[in-house]
Amino acid sequence: MIADHDGLVYVFDSKGSPKSVKYKLDKLAYFLWTGAFPSEKNKILHRNLNDSDNRAINLLEINRTTFNKIKEAEKNLDYGIRIGNHPTDQLSHMLYWYENGTERFKVVEDIVVAKRLKTKLLLKSSKFISKYCIFDNN
């Protein structure tokens, strides 16, 4: 099956009504694999974080809060955790990261301490995302 630009697949029921029903492709693939649609409280996670990979082994049903934390950890690993210059103090640095849906920052006086804190935050995000995601070369 191929989804449209919104990620939706249209299903026609030949026995039922002449109208079509639209589903997200990942939810439909999950239904075909398990035989049950995910509940409204849950979301479908692509375990390799590739939204176009709808293999059965790649789909996992999790609750929304965990899903949001995984997306936040992915954002932190991609570009969220960074060190910037302080706007007024030349000797201080700003450490930025995302937490609970908002961007946080901390003023750090020493660059070595800032890099150490950055590494700790990267490790924390990496540990959390590795609980649920699988990254293989296949």
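Is the crossing of H2 and H3 left-handed or right-handed? The crossing of H2 and H3 is left-handed, a term for a near helix turned anticlockwise from the far one by less than a right angle, with right-handed used if clockwise.

## Basis of the model

This is a predicted model, in which local features need pLDDT of at least 70 and side-chain atom pairs count only at pLDDT 80 or more, while totals for chains, interfaces and linings use all residues. Residues are numbered from 1 along each chain as its sequence is written, and side-chain values use heavy atoms, with hydrogens and water left out. Helices (H or I, at least four residues) and strands (E, at least two) are DSSP runs, numbered from the N terminus.

## Helix pair H2 and H3

Helix H2 covers residues 64-80 and helix H3 residues 111-132; they pack at about 135°, with axes 9 Å apart. That makes H2 oblique to H3; angles under 35 degrees count as roughly parallel, over 145 as roughly antiparallel, 65 to 115 as roughly perpendicular and the rest as oblique. Axes are lines fitted to C-alpha atoms, for helices over the stretch in contact, and angles run from 0 to 180 degrees between N-to-C directions.

Residues of H2 in this contact (heavy atoms within 4.5 Å) include Thr 66, Ile 70 and Leu 77, and those of H3 include Leu 122, Phe 128 and Tyr 132. The residues of the contact divide into seven nonpolar, four polar and two charged. Here Ala, Val, Leu, Ile, Met, Phe, Trp, Tyr, Cys and Pro count as nonpolar, Asp, Glu, Lys and Arg as charged, and the others, Gly among them, as polar. Thr 66 counts as buried at 14% relative accessibility (buried is under 20% relative accessible area, exposed over 50%, partly exposed in between, with a 1.4 Å probe and protein chains only). Leaving aside residues up to four places away in sequence, Thr 66 touches Phe 128 and Tyr 132.

## Sheet E5-E6-E7

The open sheet has three strands in the order E5-E6-E7, with antiparallel pairing (strands pair if DSSP finds at least two bridges between them). E5 (82-85) and E7 (102-108) are the edge strands, each with a single partner, so one side of each lacks a neighbour in the sheet.

E5 and E6 pair over four bridges, with Arg 82 opposite Tyr 96 in E6. E6 (residues 93-99) and E7 pair over seven bridges; His 93 stands opposite Val 108 in E7. Two residues separate E6 and E7 in their hairpin, where Asn 100 in the turn has a positive phi of about 55°.

## Helices on the sheet

H2 lies across E5 and E6, at about 150° to E6. H3 touches E5, E6 and E7, and its direction makes about 10° with that of E6. Six of the seven residues of E6 are buried, so E6 is largely enclosed by the rest of the structure.
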